[in-house]
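Please open the structure in a viewer and keep the selection panel at hand.

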Amino acid sequence: MRLIVFLISLVFVFSAQAQPPAGVDFSKINFVGVQVLGPGGDNAFPWKVKPMVNGWEDLYKKLEQVSGTQISSQIFYLAEKTSFKNIFAFVGRDSAGDYQFVNVFYTMSGQMYGSNMKVMNVEKDQLDVAQGIPNEQPKDYYKVKATQLFP
């Protein structure tokens with residue numbers, strides 16, 4: 001009986017196992033319906049986004065500069081009216097080679113502010129991300145989920 005329980009638990013562990021972000025193709029990620037769930041289950045990203053079309057090279061450079069990353073995924077942007085001029089969401093890779101879930105907030109006054117969360121693990125339907133002070137242990141852990149994160 002113990003052997004059967006052990007084998008079933010191994011099957012479950014390997015089927016639900018998260019993988020490191022280094023082996024993931026983020027160019028196929030889809031943030032439509034994105035939610036960034038905090039430890040309490042609350043959504044820290046309550047805005048709707050849609051995919052951005054190509055052809056905005058100046059904007060790409062500015063987003064990379066503000067986030068301190070090189071863009072690795074498609075860029076998604078605000079699809080509803082808010083107090084921000086725009087909000088951009090994407091996955092970028094920093095100079096240390098770590099993948100970051102990035103939000104760049106573009107205010108009505110023309111200022112851009114980035115918020116990066118390190119991608120810790122990737123599962124079929126979610127990213128495990130952490131936010132904290134660089135070079136220290138992350139302080140807050142979140143789960144990034146979407147309607148169909150990896151189609």
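Begin by selecting strands S8 and S9 of this predicted model: the two strands pair in the antiparallel sense, over 6 bridges. Within this pairing, select Leu 127, whose bridge partner in S9 is Val 144.

Return now to Leu 127 and display its surroundings. Leaving aside residues up to four places away in sequence, Leu 127 touches a set of residues that includes Phe 26, Ile 29, Phe 31, Val 119, Tyr 142, Leu 149 and Phe 150. Val 144, the bridge partner of Leu 127, is likewise among the residues touched.

Which residues have the most contacts inside the largest nonpolar core? They are Phe 26, Phe 31, Phe 101 and Leu 127, in a core of 26 residues. To see the elements that give two or more residues to this core, select strands S4 (76-78), S5 (86-93), S6 (99-106), S7 (112-122), S8 (126-131) and S9 (140-145). Another core, of 11 residues, lies apart from it; for this one, select Leu 63, Ile 75, Phe 88 and Val 104, which are among its members.

Finally, colour the chain by confidence. The average pLDDT is 84, and 83% of the residues score at least 70. Over residues 1-16, however, the pLDDT is below 50, and this stretch has 1 contact in the model beyond near neighbours in sequence. Where pLDDT is low, predicted coordinates should not be read in detail.

How values were computed
Residues are numbered from 1 along each chain as its sequence is written. This is a predicted model: local features need pLDDT of at least 70, side-chain atom pairs count only at pLDDT 80 or more; totals for chains, interfaces and linings use all residues. Side-chain values use heavy atoms; hydrogens and water are left out. pLDDT is the predictor's confidence in each residue, from 0 to 100. Contact means heavy atoms within 4.5 Å. A nonpolar core is a set of buried Ala, Val, Leu, Ile, Met, Phe, Trp, Tyr and Cys residues joined through side-chain atoms within 4.5 Å. Buried means under 20% relative accessible area, exposed over 50%, partly exposed in between (1.4 Å probe, protein chains only). Helices (H or I, at least four residues) and strands (E, at least two) are DSSP runs, numbered from the N terminus. Two strands pair if DSSP finds at least two bridges between them.
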